[in-house]
Amino acid sequence: MNQLPDVLIRAMTRDGFVKITAVDTTEITRRAREIHQTTAVATAALGRVLAAASMIGNMQKKEDGSITLIIKGGGPLGTLLATADPEGNPRGYVENPQVALMEKYQGKLDVGAAVGSQGTLTLIRDLHMREPYVGTVELLGGEIAEDVAAYFVESEQVPTVCALGVYMNRDQSVEVSGGYLLQLLPGAPEELIDRLEAAVQEAGTVTNLMQQGLTPRDVILRVLKDMDVEFLEEQPICYKCYCSRERVESTLISLGEKDLREIIADGEPISVGCQFCDVTYTFTPEELADLLNHALE
Ligand SMILES: [Zn+2]
């Protein structure tokens with residue numbers, strides 16, 4: 001069983017025409033499953049979205065901040081949402097984590113049917129002080145990787161190949177999870193995309209490569225075979241939540257004085273769970289009263 005820490009690697013071909021990012025998100029997907037108690041098909045879908053968010057997040061400039069990827073496919077899983085910081089550390093959730101087993105055939109999870117294909121993929125790029133950039137495309141099939149690629153082609157006019165995969169063991173544990181995102185840069189020769197698509201076909205699924213023990217670095221070399229590759233960045237990534245008691249306090253204050261006074265008058269402590277992780281913040285009526293008094297000062 002793969003026990004290595006998760007990693008994100010970024011590389012470029014020396015001719016400057018292809019850039020590629022690859023991730024091992026096995027531990028991230030395991031953590032997501034633990035937090036959200038997801039069934040196999042929900043884990044597989046959420047794991048793919050987390051891997052995509054990680055790679056897209058890392059494409060952001062540091063000063064631009066986070067990205068959020070939202071998939072609403074109309075299937076039984078409901079909305080899938082993942083967000084990532086500019087280093088590529090993701091967090092996320094799925095609306096219905098308990099969706100029962102859905103298989104295309106025995107042993108092959110039907111992620112596309114669980115996500116649904118009647119809906120949209122939305123990418124929000126947080127640009128700090130300016131308005132966020134929001135792009136939306138119609139889903140192709142709900143398998144997520146091809147939908148992410150289509151987003152970049154349609155919305156940003158960047159030829160893109162995306163592969164995402166989560167391999168679930170029979171006991172519903174996560175064997176491997178990861179992916180890669182390959183993009184052509186302006187001026188790339190026409191035939192290059194065909195050549196790359198052939199190499200991608202030949203390489204096979206990302207889960208298959210990872211099960212053979214290939215690292216993200218090996219995956220890049222396999223997909224960009226015969227090309228001169230320069231590795232630009234390699235860094236550990238993890239499931240990272242940015243929630244804090246202070247953030248929950250601001251949310252409580254934003255409820256308004258009237259609602260807060262009602263909660264305080266009930267005389268019971270309240271618990272607020274984070275939607276991304278398994279932390280719960282509890283406030284006693286006295287703490288809530290203090291909070292309100294400070295806010296009113
Ligand atoms: Zn949290």
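Figure 1. The protein has 10 helices and 14 strands; helices (H or I, at least four residues) and strands (E, at least two) are DSSP runs, numbered from the N terminus. The model is predicted: local features need pLDDT of at least 70 and side-chain atom pairs count only at pLDDT 80 or more, whereas totals for chains, interfaces and linings use all residues. Residues are numbered from 1 along each chain as its sequence is written. The C-alpha atoms fill a box of roughly 70 × 45 × 35 Å along the principal axes.

**Figure 2. The open sheet of 5 strands.** The strands of this sheet follow the order E10-E11-E2-E1-E12, with antiparallel pairing; two strands pair if DSSP finds at least two bridges between them. Strand E10 (160–168) and strand E12 (229–236) stand at the edges, each with a single partner strand, so one side of each has no neighbour in the sheet. From one strand to the next, the twist averages 10°.

**Figure 3. The pairing of E2 with E11.** Strand E2 (residues 18–24) and strand E11 (residues 174–184) are joined in the antiparallel sense over 7 bridges. Ala22 stands opposite Tyr180 in E11.

**Figure 4. Helices packed on the sheet.** Helix H1 (residues 26–36) lies across E2, E10 and E11 and runs at about 125° to E11. Helix H4 (residues 145–156) also packs on the sheet, where H4 touches E10 and E11, and its direction makes about 160° with that of E10. Axes are lines fitted to C-alpha atoms, for helices over the stretch in contact, and angles run from 0 to 180 degrees between N-to-C directions. Two residues are in contact if their C-beta atoms, placed from the backbone, lie within 7 Å.

**Figure 5. The contact between the two domains.** The protein is divided into domain 1 (7–236) and domain 2 (245–296), with bounds from an automatic or database domain assignment. Their centres, taken over C-alpha atoms, are separated by 36 Å. The contact takes 4 residues from domain 1 and 4 residues from domain 2. On the side of domain 1 that touches domain 2, the largest share, 3 residues, comes from strand E5 (residues 90–94).
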